[in-house]
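Hi,

Here is the structure I promised to pass on to you. Have a look at it first, and then read my notes below.

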Amino acid sequence: WCLLHALGAACCLVASTLAGAGESSGPPLTLRDAIDHARLNQPALAGLVFEMRVQEARATGAGLRPAPQAELLLEDAFGTGDRGGLEAAQATLSLSQLIELGGKRDGRIAVSAAASSRLRTVQAARQLDVFAEVARRFLGTLSWHAQSSIARDGVAIARRTQEAVRQRVSAARAPAAEA
C-alpha cells in the first residue's frame, strides 16, 4: 500500500513536470531523480534502515561475553527477640562468571552475521522492486506524454488543413463538399 502511494507521488511528479515542461523553470525530471525521490520517500525502504540498525545492535550483543553476576543473600535479619535487628544476620556474597564452551559465542556471531546478510539481501531486493516499479511508471508516463504530444500535433495539423480547405472553398477553387 505504501509502495503504491510513493510510486503514485513519483509518477504525479513526473506527469506534472512533463505537462508543464514549457513553463517549468527547472530542469526536467529524470529517471534518476524519480528513483532518488522514491528511495527517500518510500516507507518500506526507510523501515529497512531501522531493521538494519537493530540487527547491527544484535550483532554487537552477540559478540559480547556473558556479564559477571553478583548476588547478595541476607539471612536472619530483622527477626524477633534476641534475633532482632541485624546483629544475628548472616550475609553471603556470591560472584559468578559463565564460561562458554563449545564455540557458543562464535556460533552466536555466525548466526548474527547470517541474519545481517539476509537482511541486506532483503533490502537490496526491495530496493530493486521499488526501482523497477518507478522505472516502469516513469516510462509509462513518458509514453503517455509522447502520445499526448503527437495527438496535439495531429489536432493542430487538422485545424490548419481545415482552415486551408475553408479558404480554398471560399475562393471557389474547391467544391463545397471538400469543406
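**What I found**

Among the elements of the chain, helix H4 has the highest mean pLDDT, at 92, while helix H1 (residues 2-19) has the lowest, at 50. Please keep in mind that this is a predicted model. Over the chain, the mean pLDDT is 83, and 84% of the residues reach 70 or more.

Two stretches call for some care. Residues 1-6 have pLDDT under 50 throughout, and the model gives them 7 contacts beyond four places in sequence. In residues 17-23 pLDDT also stays under 50, and here the model has 5 such contacts. Where pLDDT is low, the predicted coordinates should not be read in detail.

Next, the strands. Strand S1 (residues 69-75) and strand S2 (residues 90-96) run antiparallel and are joined by 7 bridges. Is S1 largely buried or in the open? Of its 7 residues, the number buried is 0, so S1 lies largely in the open.

Finally, go to helix H4, which covers residues 104-170 and includes Ala113. Ala113 has a relative accessible area of 42%. Because this value falls between the 20% cut-off for buried and the 50% cut-off for exposed, Ala113 counts as partly exposed. Ala113 and Glu56 are 57 residues apart along the chain, and their C-alpha atoms are separated by 9.1 Å.

Enjoy exploring!

Best wishes

Conventions. Residues numbered from 1 in each chain as written. Predicted model: local features only at pLDDT ≥ 70, side-chain atom pairs only at ≥ 80, totals over all residues. Heavy atoms only, no water. Helix = DSSP H or I, 4+ residues; strand = E, 2+ residues; numbered from the N terminus. Buried < 20%, exposed > 50% of the residue type's maximum accessible area, 1.4 Å probe, protein only. Pairing = 2+ DSSP bridges. pLDDT = per-residue confidence, 0-100. Contact = heavy atoms within 4.5 Å.
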